[in-house]
Amino acid sequence: MNPLLKPVLIFCCLCSLSGCSIKQVAISKLGDTLAESGTVYASDDDIELVGAALPFSLKTIEGLLAEVPRHKGLLITAASGFTQYSYVYVDFEAFELETTDPERAAELKLRAKKLYLRGRGYALRAVELTRDNFIEGIRKDPQTTLAAFSEENIPELYWLSLSWAAAIASDKSDMSLVADLNLIDPIMHRCLELDESFDQGALHEFMIAYQGGRSPMQGGGAALARTHFARAQELSGGIRINSLVSLAESVSIGDQNRVEFKSLLQQALDYQVDDYPPTRLANLVAQKRARLLLSRSDNYFLEE
């Protein structure tokens, strides 16, 4: 049987069970399995194949969550899945088309925003398993609110921050979203405080773009982004190349440092993605973005 169809068939059979408690336990177990199966996609070498499979998997996960709405693993999987799908397959297409078909690019940006917010919704549900009314809490008293979270809560806090920031970036005219940008800062600092090495430096990797997109007056800036870049590189051991692309796009352009921009992107393109299969797909995505950025170098810099 096709492994992509198997979870759906099992789900349909489980939904026909007459005993409610039996069904809930069985679906919860299936949810555990699906929530732990991300490495199958992460090591794939075909971006488009994964893109064709993901919507099917995400809708299966949503169906399971309708039955077990407080399943933390499934909530995090849904949050990460919708966020990554939007970034790789919707937002990137908008980025590709922004110079040739701005109208279509704007449509895709709107869809990307909706998918990011969908991911944020699932992440928030996971976060609120630990602390109710989380958004209200960090608005009023972030330190006390975030004190309730421990190292095991980093995944949901991370995906909440990532999906939230991505939604803001996809529509900077939505002032109700933009006004919340600073709320992400205390969340990420709490995660870094708990375990800065999470997922081989993923927290620092996120902070490159986040701080690079904020001015020093807002608490960010290029210098801080570079500090996070250095730490991300150290913690990843060179097996995650997105930090190279992120620094080039978020900082080198702003600094009008064309030499650094090209050097970082070429370093990303030179990386042999098969050397470390667990990060193969993410690195292929980073290389795809690096190629597009390099092709547009003349658009970003005033001088050679």
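Student: How many residues does helix H9 have, and how far does it reach?
Tutor: This is a predicted model, and in it helix H9 covers residues 154-170, which makes 17 residues. From its first C-alpha to its last it reaches 24 Å, close to the 24 Å expected at 1.5 Å a residue.

Student: OK, and is H9 mostly covered or mostly open?
Tutor: Mostly covered: 14 of the 17 residues in H9 are buried.

Student: What does Trp164 touch?
Tutor: If you skip residues up to four places away in sequence, Trp164 touches Arg120, Ile135, Ile138, Leu177, Asp180, Leu183, Ile184 and Ile187. Trp164 also stands out in the largest nonpolar core, where Trp164 and Phe134 are the residues with the most contacts inside it.

Student: How many residues are in that core, the largest nonpolar one?
Tutor: It has 85 residues. The largest share of this core comes from helix H5 (residues 72-97), which gives 13 residues. As background, nonpolar side chains tend to be buried together in soluble globular proteins.

Student: New topic. Where is Phe229?
Tutor: Phe229 is in helix H13, which runs over residues 222-236.

Student: Why does Phe229 count as buried?
Tutor: Because its relative accessibility is 15%, and buried means under 20%.

Student: Which residues is Phe229 in contact with, beyond its sequence neighbours?
Tutor: Leaving aside neighbours within four places, Phe229 is in contact with Ile208, Ser243, Leu244, Leu247 and Leu264. Another residue to look at is Phe206: its C-alpha is 9.3 Å from that of Phe229, and the two are 23 residues apart in sequence.

Student: Which residues of H14 are buried?
Tutor: Ser243, Leu244, Val245, Ser246, Leu247, Ala248, Val251 and Ser252. Helix H14 spans residues 242-252, and eight of its 11 residues are buried, so it is mostly covered.

Student: And what covers those buried residues of H14?
Tutor: The cover includes helix H12 (198-212), H13, helix H15 (258-270) and helix H16 (280-295).

Student: Let's zoom out. How many helices and strands does the protein chain have?
Tutor: The chain has 17 helices and zero strands. Of its 304 residues, 47% count as buried.

Student: How much accessible surface does the chain have?
Tutor: About 14900 Å², and 55% of that belongs to carbon and sulfur atoms.

Student: Last one: what share of the contacts joins residues 24 or more positions apart?
Tutor: Counting contacts with a separation of 6 or more, that share is 66% in the protein chain.

Definitions and conventions: Residues numbered from 1 in each chain as written. Predicted model: local features only at pLDDT ≥ 70, side-chain atom pairs only at ≥ 80, totals over all residues. Heavy atoms only, no water. Helix = DSSP H or I, 4+ residues; strand = E, 2+ residues; numbered from the N terminus. Buried < 20%, exposed > 50% of the residue type's maximum accessible area, 1.4 Å probe, protein only. Contact = heavy atoms within 4.5 Å. Core = buried A, V, L, I, M, F, W, Y, C linked by side-chain atoms within 4.5 Å. Expected span 1.5 Å × (residues − 1). Areas by Shrake-Rupley, 256 points an atom, 1.4 Å probe, with all protein chains shown as cover.
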